[in-house]
Structure formats: structure tokens, C-alpha cells
Amino acid sequence: MIQKRPTPPLSGTQQADPTTPPDAAATPRPGAHTAVAPLNADPALPPYETVALVLQGGGALGAYQAGVYQGLHEAGIQLTCLSGISIGALNIAIIAGNPPEKRIARLKEFWETICQPNVGVALHPFVEQSLFNLNDLVRQSMSAWHAASAMMNGQKGFFTPRFPPAPQITPGTPGNASYYDTSALKTTLESLCDFDRINSGEHDVSVGAVNVRTGNFVYFENTKIRLRAEHFMASGALPPAFAPVEIDGDYYWDGGLVSNTPLAHVLESRPMRDTLAFQVDLWSARGGVPTNMSEVSDRIKDIQYSSRTRLVTEQLRWSQYLRHTLMSMLEDIPAEVRDSKKAYYRLVEDLACSKRYNVIHLIYRNKPYEQHYKDYQFGLAAMREHWEGGQEDIRSTLQEPDRLAMPKDVSGFVTHDVHREELELRMQPRTRHARTRKA
């Protein structure tokens, strides 16, 4: 008979104890990071040792992440760890490569640059915004036009169609094996980012990529190597559109081919630390059942690129529950018993951990007019809508300071998703009403 493993008391979206306010007055332990003086309204963070921003890949949807960062900046939350993949890595480069007072302006400059076509003249921003505001049918038509423009012409400061085209069968070179040339991106990053600052140690910076030759997933970290524009470009080199990027004799593709979220990398780093992580996803796991082939293509992308987040979060929560359980068991064992079998208990002590993790999950929500090309339609008006959506979501999240509280539960691991919490609250009256009718 197969026995099911016990389920930790807390699962899914877990709420920190609302009766225990954030310990803003607590004295931080050595090396702990706390929030800086607020720009507007500091949510008074507990003494987390790591405050991380974790950004997924998702192409043009990445403006949503820029909006989330602006909301964190406005709240006075000081980040100590930055990690990203694909477009998330490019946003990380802009944030880490500029002083706090210039980051928002640099992010806007980056996004307003890459949301212009390489060829021809774009619509005047006022005209484009006015048309975009009419209705979803117009938005859908504009989105299709911008996606077609990206495919045919590329995007300014980002990528251009490769000419002559890459060979289909005859031998070529790895650096030319793609439909588009991203050499313009290197110029853009080097003009907007101070790589001395990225490597200064102000933040722990890491970006994920895949070694094309071995198929191994790797993280480029500023704590181990000096990061250059090529490391961030490699993280976003999604084939077959973009060619692999050569770094020290090896070639690397987009990290999203293996895992589109660097959350596990941040939370499993050693030594383990009390961590508050803002996980910003661009693909929603939840969605409707497709009714046509365009919706099928769109839904495939959502599921493909969002699934790792759910899997990783559940695995990490379970692992931390076991570590907390081991720590509790060790505390109940007399010291003389532990000393009698030092090697055995030393191993258990290495596995046990009392650190706590709070993951604030922000997920971009699909718009009714968006289709399967939403990740490569770089329209200026759509970009602004994505940006504003990120701002709204993080501001709504920070309205409840208890969401940032240090976990007090037995597992030491909680997650918060403002959209899911709001949905659960809306469903509660219906559930109670249904039970009443059944009775």
C-alpha cells in the first residue's frame, strides 16, 4: 500500500499571522538588510537578510516588471538581490547599472527606445495612445500591426532582420544562426548601464542562460565573475529568433528554454537567509479554455512559461517545512545525546534550517485583446499599459503591510498573490450561500 506523504499545514496562498505586526523596531542581526527611508510610504519591513526582485522572461510584456519596480522604488523598499531571465535580465541590467535616482528614467528610456520600429516613422505617441484608447477591436488591430512590424523590421536598439539571412542547410557560424541580429542591444545596454556599478557589490546580481553545447543551465553572478553586456544578452538570446552569445569560448541561449524563473536560484542560495522575494511573472498559469487556434497558441505559451513557478514554489515550501521540522526535532534532543553521535547529528544540523521565506507573487494578467504574439508586439501604448498594470498591482499589494510580515508558521514559507487573494475573498460569500442552500 502506497502511503501519501503528510501535507504541511499551510499550502497554496498562505497568510502570515495578522495578529503579529511587522517587527519594524527589531534590531537587525549582523548583515541583515532593512528598508531605507521612504520616498512616500515605507511599509516598515521586518529585518529580512535578503530582499530580492526576481524577474521572468516574456519579451514585450517585460514593461510590467518595470512598473512593479517603480512601485517598489516609490515605497522606499531597498533591494539587495536582483535576478532575471530573458527580458527580466535586461530589466535587471538597467536597475543594477544605475543609481536609485536614475533607474526609473533609464527604464523608461530603454522601453521607449525598443518600442520604436527600425524602419519608417512610428505614429506620434499622442495619436497612438488616442487610437489605443478607443476599444479592444482597435487595440487588437494595433497589436497585430506592431507584431508584424517587429517580425519584418525589428525594434530600434534591440534587433534587426539578419541580412543576408542565416543559411538553412549549408554550414555557417554560431553567431549568425538566427533570423535577427542583436548587436544593437549591446550598444543600448552599454549606453544605459554602468557595468562597474553592476559589479560593485551594491546588489547580488544573477542572470540565467543555457549552454548550447552541453544543454546545462547556468547562472552568471556578479559575486563570482565580472558581468558584461554579453551575459545579459545571452540570457535573452531566444532561438531561433536570436543567435547564441559567445562568452569565454562557449555559446549561450535564453535561460527560458530550461526554466523561465530564477526563484529557486535565489531562495536556495547559500548561506540561507531570511528572505523577502518579489517574484514578477509575465505568464499566467490560470486562463480560459481556447476556442480557436490563435487562443491555443496563446494558451500554450502561458502554460509553458508559467508552470515552473508553481512547481518551484511548492518544492521550496515543502523543503523548508522539512528543514524546520528537523530544527524542532534537534531542539528536543538532549545535548549529551547529540554529542554521543557527533557525525550523525552534524549532518542533521546541516540539513536543518530555521530561516524564513516570504514570496510576494505578482503576475501579469492577459488583456482581452491580446493574442499569441503579445510577447513580441512592442507598441508604445501597450507598453505603457503593461507598465501601469505593474504599478497598480504592487501598490495594491503594499496596501496590506501584513503581506510583508516575517513568516510565523511551522513551515517558515509563505506566498502572497494579491489577485488570488482577492478572488478567494469574492468567492467566500458564494461558497457560504451554496452551503446554506444545500442545507
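P271 lies in the loop between α9 (263–267) and β9 (275–281), where helices (H or I, at least four residues) and strands (E, at least two) are DSSP runs, numbered from the N terminus. A cis peptide bond, with omega about -5°, joins R270 and P271. The model is predicted: local features need pLDDT of at least 70, side-chain atom pairs count only at pLDDT 80 or more, and totals for chains, interfaces and linings use all residues. Residues are numbered from 1 along each chain as its sequence is written, and side-chain values use heavy atoms, with hydrogens and water left out.

A cis peptide bond also joins F163 and P164, with omega about 0°. P164 is placed in the loop between β3 (160–161) and β4 (180–181). Most residues other than glycine have a negative phi, and most peptide bonds are trans. Against this background, S86 has a positive phi, near 60°, in a residue other than glycine. S86 sits in the loop between β2 (81–84) and α2. With a relative accessibility of 12%, S86 counts as buried; buried means under 20% relative accessible area, exposed over 50%, and partly exposed in between (1.4 Å probe, protein chains only). D248, likewise not a glycine, has a positive phi of about 50°. The loop between β7 (245–247) and β8 (250–254) holds D248, which counts as exposed at 70% relative accessibility.

Helix α9 contains V266, a buried residue with a relative accessible area of 6%. Leaving aside neighbours within four places in sequence, V266 is in contact (heavy atoms within 4.5 Å) with A52, V54, C81 and S83. The C-alpha atoms of V266 and A277 are separated by 8.4 Å, and the two residues are 11 residues apart along the chain.

Q377 belongs to the loop between β10 (357–363) and α13 (380–398). Its relative accessible area is 2%, so Q377 is buried. Apart from neighbours within four places in sequence, Q377 is in contact with A60, S143, H146, A147 and A382.

Over residues 57–62 the chain is 0% helix and 0% strand, with the end C-alpha atoms 7 Å apart.

Two packed helices are described by the angle between their axes and the distance between the axes. Helix α1 (residues 63–74) packs with helix α2 (residues 87–96) at an angle of about 35°, and their axes are 9 Å apart. Axes are lines fitted to C-alpha atoms, for helices over the stretch in contact, and angles run from 0 to 180 degrees between N-to-C directions. Q65, A66 and Y69 of α1 and I87, G88, N91 and I95 of α2 make the contact. By class, this contact has four nonpolar, three polar and no charged residues.

For the chain as a whole, the secondary structure comes to 14 helices and 11 strands. Of its 439 residues, 49% count as buried. Among contacts in the chain with a separation of 6 or more, 76% are accounted for by residues 24 or more positions apart.

Notes: Nonpolar A, V, L, I, M, F, W, Y, C, P; charged D, E, K, R; others polar.
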